[in-house]
Amino acid sequence: MASLRTTLNKLGKLCSQSWRKSTVLRNPVCQGNLQICRHASAWKFVPDSPPESLGETTKMNLFQSLTNAMDIALGTDSTAVIFGEDVAFGGVFRCTVGLADKYGKDRVFNTPLCEQGIVGFGIGMASVGATAIAEIQFADYIYPAFDQIVNEAAKFRYRCGNIFDVGGLTIRTPWGAVGHGALYHSQCPEAFFGHVPGIKVVIPRSPIQAKGLLLSCIRDKNPCIFFEPKVLYRAAVEQVPVQDYMLPLEQAEVIVEGSDVTLLAWGTQVHVMHEVAQLAQEKLGVSCEVIDLRTIVPWDSETICKSVQKTGRLLVAHEAPITGGFAGEIIATVQAECFLHLEAPIQRVCGYDTPFPHIFEPFYLPDKWRCLEAVKTMINY
Amino acid sequence: MASIRPVLSSVSRRCLQRFCISERNVKVLSIVRNLSVSHGVRQEMPSVNDDKPQFPGARSSFTEKLKFLDGTVYDPIPIYRVMNKMGKIIDADEDPGLDQTVVEKMYKCMTKLNGIDKILYESQRQGRISFYMTSYGEEGTHIGSAAAIDPRDMVYGQYREGGVLIWRGFPMDKMMNQCYGNNEDIGYGRQMPVHYGSKEHNFAAISSPLATQMPHAAGAAFALKRAGLDVCTVCYFGDGAASEGDAHAALNFAATLDAPCIFFCRNNGYAISTPTSEQYRGDGIACRGPAYGMSSVRVDGNDVFAVYNATKAAREMAVNESKPVLIEAMTYRTGHHSTSDDSSAYRSVDEVRYWDKEDHPIGRLRNYMVEKNWWSVEKEKAWMAEVKKEIMQEFEKAEKLKKPSPKYMMSDVFDKPSKRLIQQEQELRQHLKQYKEHYPTDKFDDL
């Protein structure tokens with residue numbers, strides 16, 4: 001009994017320390033005490049060099065680049081508003097800091113705690129032509145709004161022959177593993193939405209990408225879901241162009257050119273793939289082409305197929321569970337389009353078909369070692 | 001200025017001309033209409049000796065006696081009425097004093113809707129359209145409320161509100177075309193019958209999922225208010241839909257965000273087969289309004305003047321004070337739920353007969369008009385013949401038209417088709433070239 005109490009006390013101390021330093025809410029990046037977290041971030045953020053054409057840059061992390069994008073969106077469109085749970089004081093991930101002060105409480109405001117209401121309210125605003133930027137606090141909590149997204153937002157234009165639409169709606173939500181988020185602060189629900197005609201689903205890998213893609217989503221004439229890899233909010237820092245710029249939706253980006261294997265991912269996993277490409281070169285002498293899909297639906301099969309026709313091998317990796325994951329869709333299409341070019345069965349390295357676990361996260365994620373093994377399998381096939 | 005254009009382009013042109021919104025007067029109106037959303041107010045803490053409750057969650061007083069608030073003890077919210085079943089005004093002060101032209105329009109719209117219902121219901125029975133839902137018994141709720149709102153007010157309906165469109169001048173051929181899904185239907189036949197929508201008439205397209213339109217109405221009201229327009233939104237829903245989570249969301253959002261929205265509940269006693277006794281245990285829907293901090297009223301839905309008065313007053317509150325209002329109109333669903341339902345399986349014929357013969361909104365208004373000498377047997381006969389002729393003409397016209405080209409199955413998923421969708425359309429074209437005889441292509445426009 002005494003020993004149990006000691007253990008509990010220790011645990012309590014540990015918890016309170018790590019909570020203070022890095023609560024899931026305030027600071028998603030683990031900073032120390034819990035060794036377990038390091039495994040989850042067993043990847044290095046690979047910054048891009050900002051395109052010179054976009055001019056002056058400043059150092060921003062992911063959440064700052066998102067704030068910057070929303071600042072620009074509100075500044076250039078007087079109908080644009082931002083709303084959701086706790087966005088007024090700056091958001092639990094600091095993405096909307098300062099915007100309520102700058103643009104007023106009728107443009108950046110808190111809603112009651114109700115996801116179906118948030119999305120429904122945004123659809124209503126967009127249905128009369130306003131720009132609605134809704135925040136769902138975690139992608140894990142988007143499901144109460146599933147009906148509003150799938151049955152309403154996605155079908156609004158189609159069902160009335162384009163007399164009404166909700167193109168002004170963008171739903172932003174933190175997404176993906178974070179080291180210790182367990183079942184309800186780690187999910188990657190993009191495949192659920194990949195099955196829904198009428199919405200666009202977009203996931204950035206970096207601050208430069210996040211700003212350009214979010215501005216594209218906000219200004220796109222279709223309802224968009226923008227998933228933000230929350231483990232990158234603070235960890236990803238790079239030089240981001242300060243000007244107003246947009247990056248194209250529905251276009252994948254080849255970020256490393258290679259000749260032997262195509263590695264496809266999105267969000268944080270792109271950085272894992274970067275390392276896999278390096279390891280494959282070093283350990284196996286294999287040249288990998290790394291592609292960031294960026295838009296999940298409608299997805300850019302052309303860029304992927306072109307790459308696979310060159311390399312003859314494809315690995316798709318995502319954090320979400322394997323069965324019904326979006327890799328399945330990509331693989332089915334690629335094998336149909338590139339059958340004669342394929343030199344090995346297409347591999348997918350994904351989360352397992354379990355809920356996302358707390359302490360087992362290091363064993364759950366499709367990390368670089370699992371991905372490297374898949375590359376090896378393809379090369380030796 | 002450019003940035004406000006999206007809002008402007010989406011509200012009706014009439015709106016634009018009338019308001020000529022500029023950034024500047026939006027700002028002015030913003031102040032007048034109290035746009036601020038209150039948050040971040042810090043409470044000033046009193047001295048320790050102050051014995052009043054200081055909890056942030058409720059403004060209240062302490063009590064030292066344990067007493068639960070009984071959900072059933074208080075008197076139910078009364079049902080506001082203006083005229084009795086015989087069409088007699090009960091309290092002259094409450095008479096809206098509408099002139100003969102308006103009242104006659106009300107009557108004609110109600111009977112026109114009734115006539116369309118009869119023809120389309122029958123046409124479904126004959127397999128000529130796939131589905132239909134009548135509005136029998138609820139015509140008064142549609143017309144009374146539609147007459148009281150501004151034509152610019154955006155309407156978000158459930159599916160049993162065709163009368164609102166008729167009042168607003170939605171052409172009958174568009175109704176027929178929608179039900180037939182022919183090549184004149186603006187929705188390209190994509191939705192089931194009675195899922196009407198019209199940009200011109202500020203009526204958002206109906207969708208089948210219940211109550212989803214309720215938070216839309218709240219959001220749209222908020223956006224229109226921000227655009228500086230003195231309009232509100234009107235959201236219709238049934239007593240059954242009010243049980244959905246979206247109803248809770250909408251009422252709470254509209255209240256906390258000060259959205260000028262009228263929530264109009266048609267409480268007709270049934271949700272398909274489910275009587276209200278299995279739908280809720282409280283005092284109907286109206287009693288929920290105060291729980292959300294919302295002005296609420298219950299009216300006799302078969303009394304078109306009571307509905308009119310309540311809606312008119314609600315609109316004034318919504319627009320002038322920037323707040324939502326809840327109206328519960330008590331009525332009775334005289335018809336079957338839909339053509340897929342036989343209501344005699346769960347309710348008695350006598351019950352239906354009572355409402356149809358003894359307390360019907362059309363009969364009541366007719367009595368009023370006859371009493372005023374505004375209506376007669378001759379006028380009734382002539383009108384009925386005229387409206388029936390029009391309905392039959394439009395019906396036959398709609399039936400003769402072909403269905404739209406199958407290419408419209410593929411458009412409007414996005415503003416522009418995705419590459420994959422273009423590819424899928426080509427696949428369909430190829431397929432139909434080869435297997436044409438297996439598809440009803442003769443009934444459709446060419447691909």
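**Exercise 1. Determine whether B:Cys235 is buried or exposed, and whether a disulfide holds this residue.**

Step 1. B:Cys235 counts as buried, because its relative accessibility is 0%; buried means under 20% relative accessible area, exposed over 50% and partly exposed in between, with a 1.4 Å probe and protein chains only.

The model is predicted: local features need pLDDT of at least 70, side-chain atom pairs count only at pLDDT 80 or more, and totals for chains, interfaces and linings use all residues. Residues are numbered from 1 along each chain as its sequence is written, chains are lettered from A, and side-chain values use heavy atoms, with hydrogens and water left out.

Step 2. A disulfide is a pair of cysteine sulfur atoms within 2.5 Å. By this rule, zero disulfides are counted over all chains.

Step 3. B:Cys235 is in no disulfide, the nearest cysteine sulfur being that of B:Cys261, 5.7 Å away.

**Exercise 2. Describe the lining of the largest cavity.**

Step 1. A cavity is a set of points, on a 1 Å grid over the protein atoms alone, where a 1.4 Å probe fits but cannot get out; lining residues have an atom within 4 Å of a point.

Step 2. The lining comprises 15 residues, and B:Gln178, B:Asp185, B:Gly187, B:His195 and B:Gly197 lie nearest the centre of the cavity.

Conventions:
1 Å grid on protein atoms, 1.4 Å probe; cavity = no way out; pocket = protein on both sides within 12 Å on 5 of 7 lines; lining within 4 Å.
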